[in-house]
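I opened this notebook to record what I looked up, one entry at a time. The sequence and structure come before the entries.

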Amino acid sequence: MNNRRVIVKIPASTANLGPGFDTLGMALSLYAWIELSVCERTEFQLYGDGMKGLPRDKSNLIYKVAQLVFKEADVTVPEISISMYSDIPLTRGLGSSASAIVGALAAANALIGSPLTDHKLFQMATALEGHPDNVGASLFGGIVVSAWDGERADYVRIEPPRQLETLVAIPAFQLSTEKARHALPSQISMADAVFNVGRSSLLVAALASGELSIIRHAMKDRLHQPYRAALIPGMANILEHAVEYGALGAALSGAGPTLIAFVDSNCDRKSELEQFLIQTLKQAGIAAETLWLSPCVHGPQITIENMKEQPALSLLDRIKGEVTA
Ligand code: HSE
């Protein structure tokens, strides 16, 4: 363990997919990287704008999550070197905190010889994040259907349809999950519950069977999106009309503010759709960046090196060529 260096590449995720509030998640081709090794005194190399202001001491989330793994496995590793770089924008609804948690769990577990199972890591990640949808997607890749009762999380992974692609519009403002959850009512009607059970079930069946034409009817929601729309100018318009511009369906990504459109990769109206999203947000006074992302079929991709044999490269030098920034 002392000579081991672990580098983990973890995917971003989109949660809810419209009707599957706190239940459905899909990993996306946008990544964070975490490197861990044992050292004499805990140190941090946090690269990129998104890392500014994050703690560089033992109150750091990655450090704390790694220590939970060591404790669970009953090993003592008080001092670790942590490097991190992320292309996943913070507090935009693309699962940045879930990818950090999953990355820290996977890296720490690999550092000590992987004593904990993926099932155990999923339980820990869900308890830390407070819901299973983003962490499940980042941990298992693909589309993950999950349920958590506060004690036990269960999941089934679905292979994403081959021709599924996504377009995300990332508004230039942050929205905390806490604030976006605060906008939700504490009770809903039986009619709305039935509406969502139907749509969510239909969506899972459509994604599992590849019946993409159903997605436009399935990606509808009455549990969270109507209440969150007031926080994201332009959102209601995009969710209602994206299909008229070639999308298979559209949703708020996680708690927002990012909006996500599902698209058939053979669609010939991609630039029209992209313009619709950008212009709709612009007219609502919101600047946004768009990215075309594919479902990511991998969970954490782990590289383990022997520090005595491999040269010491900085994490940034190591992943150069892979990052989008
Ligand atoms: N399911 C969560 C929510 C995802 O919508 O609040 C937050 O990332």
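**Entry 1: A261**

I looked up the place of A261 and found it in strand 9, residues 259–264; helices (H or I, at least four residues) and strands (E, at least two) are DSSP runs numbered from the N terminus. I am working with a predicted model, in which local features need pLDDT of at least 70 and side-chain atom pairs count only at pLDDT 80 or more, while totals for chains, interfaces and linings use all residues. Residues are numbered from 1 along each chain as its sequence is written, and side-chain values use heavy atoms, with hydrogens and water left out.

Is A261 buried or exposed? I noted a relative accessible area of 1% for A261, so this residue is buried (under 20% relative accessible area, with exposed meaning over 50% and partly exposed in between, for a 1.4 Å probe and protein chains only). I also noted that A261 and A242, though 19 residues apart in sequence, are 7.3 Å apart in space from C-alpha to C-alpha.

I checked the length of helix 2 (residues 96–111): at 1.5 Å a residue its 16 residues should span 22 Å, and its end C-alpha atoms are 22 Å apart, which agrees; the expected span is 1.5 Å times one less than the number of residues. After helix 2 comes G113, whose phi is positive, near 90 degrees.

S99 is found in helix 2, and with a relative accessible area of 0% S99 is buried. The side chain of S99 reaches the backbone oxygen of S96 at 2.9 Å, a polar contact (a pair of N or O atoms within 3.5 Å; within protein, one must be able to donate a hydrogen and the other to accept it, and residues adjacent in sequence count only if both atoms are side-chain atoms).

**Entry 2: the ligand**

Which residues surround the ligand? I listed, among them, N16, D22, H131, D133, N134, T177 and R181, where being near requires a heavy atom within 4 Å. Helix 4 (133–140) and helix 5 (177–182) each supply at least two residues of this shell.

For D133, an N or O atom in the side chain is 2.6 Å from a nitrogen atom of the ligand.
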